[in-house]
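Subject: Structure handover

Hello,

Here is the structure for you to look over. My notes on it follow below.

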Amino acid sequence: MQDRRLIGYSIAASALAAGSAGAEIQNVETFIIEGTETSTPDMFVLSGTIDLTGNGTDNFSIFGLFDYANDRGYASLSPISGNYVAREPFGGGYVVSAFSPGDTIDGDLSFGGFTTLFERDYFNLDEDYEPFLNQRGFAGLRLSGDTGNSLFACLDFQVIVRGGGFSAEIRSGLINTESGEAVTCPDFADAILIDRFEEAD
């Protein structure tokens, strides 16, 4: 599996400019959804919603389960009312496509609804899918704007399962507020949690 951490990766300024020429780019704030322990020992549940545009309307919900005793679990990203996530087929469903700095999010991608951020030995699939599990990458989104227009976004994303904790973390990201215009995934904004990456190696 390709390593999505890429701490220290740098994009040329020209690449960012080419992907967003004439566009109005809005930064995405940090969101952290923490998992809570259930009545079953070592079982955590993750549940929350996200308002990416800050207009008071949630765009996505995140749900997941992780069983520490058996090292298995999953997390999903579900768009709300006219929002979509870039995804690809996997097993009997779909998984969130993972992007890297410099990738373009636009209308040429395949967007859809309910998708899996990671899956590890939970649904008895032939192969586990883990691009966002303890690895930093980008998710591509298509949002419904205030007037029903389509806005493209790229989120710096990670699902963290370690040391008795379970969280879905959006570190940063960009939204192109110009309807139908592409957005280019930036470099990672900071080195938050770099110690966790080193622990995983």
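Of the 201 residues in the protein chain, 47% count as buried. Please keep in mind that this is a predicted model. The chain has two helices and 16 strands. Its contacts reach across the sequence. Take the pairs at least 6 apart in sequence: 62% of those contacts join residues at least 24 apart. The exposed surface comes to about 9,200 Å². Carbon and sulfur atoms supply 46% of that area.

Now some individual sites, starting with the buried ones.

Gly173 sits in strand 15, which covers residues 165–176. Is Gly173 buried or exposed? Its relative accessible area is 6%, under the 20% cut-off, so Gly173 is buried. Which residues touch it, once neighbours within four places in sequence are set aside? Gln26, Asn27 and Val28 do, and so do Cys154, Leu155 and Asp156. Phe138 is also worth a look. Gly173 and Phe138 are 35 residues apart along the chain, and their C-alpha atoms are separated by 8.3 Å.

Thr116 belongs to strand 12. That strand runs over 115–120. Thr116 has a relative accessible area of 13%. The limit for buried is under 20%, so Thr116 counts as buried too. Leave out the neighbours within four places in sequence, and Thr116 is in contact with Ala75, Ser76, Tyr94, Val95, Val96 and Tyr129. Among these partners, Ala75 and Ser76 fall within strand 6 (72–79).

Next, the charged surface. Asp121, Asp126, Glu127 and Asp128 form a negative surface patch. One of them, Asp128, lies in the loop between strand 12 (115–120) and strand 13 (137–144). How accessible is Asp128? Its relative accessibility is 34%, which lies between 20% and 50%, so Asp128 counts as partly exposed.

Most residues other than glycine have a negative phi. Asp42 is not a glycine, yet its phi is positive, at about 65 degrees. Asp71 is not a glycine either, and has a positive phi of about 50 degrees. Where do they sit?

- Asp42 is in the loop between strand 3 (36–37) and strand 4 (43–50). Its relative accessibility is 39%, so Asp42 counts as partly exposed.
- Asp71 is in the loop between strand 5 (60–67) and strand 6 (72–79). Its relative accessibility is 40%, so Asp71 counts as partly exposed.

Ser110 has a relative accessible area of 47%. Exposed would need over 50%, so Ser110 is partly exposed. Neighbours within four places in sequence aside, Ser110 is in contact with Val85, Ala86 and Arg87. Tyr84 is 26 residues away from Ser110 along the chain. The C-alpha atoms of Ser110 and Tyr84 are separated by 9.4 Å.

To recap the sites: Gly173 and Thr116 are buried. Asp128, Asp42, Asp71 and Ser110 are partly exposed.

Best wishes

Conventions
Residues numbered from 1 in each chain as written. Predicted model: local features only at pLDDT ≥ 70, side-chain atom pairs only at ≥ 80, totals over all residues. Heavy atoms only, no water. Patch = residues over 30% accessible without salt bridge, like charges linked within 9 Å, V, L, I, M, F, W, Y side chains within 5 Å. Areas by Shrake-Rupley, 256 points an atom, 1.4 Å probe, with all protein chains shown as cover. Salt bridge = Lys/Arg side-chain N within 4 Å of Asp/Glu carboxyl O. Lys, Arg positive; Asp, Glu negative; His and termini not counted. Charge placed at Lys NZ, Arg CZ, Asp CG, Glu CD. Helix = DSSP H or I, 4+ residues; strand = E, 2+ residues; numbered from the N terminus. Buried < 20%, exposed > 50% of the residue type's maximum accessible area, 1.4 Å probe, protein only. Contact = heavy atoms within 4.5 Å.
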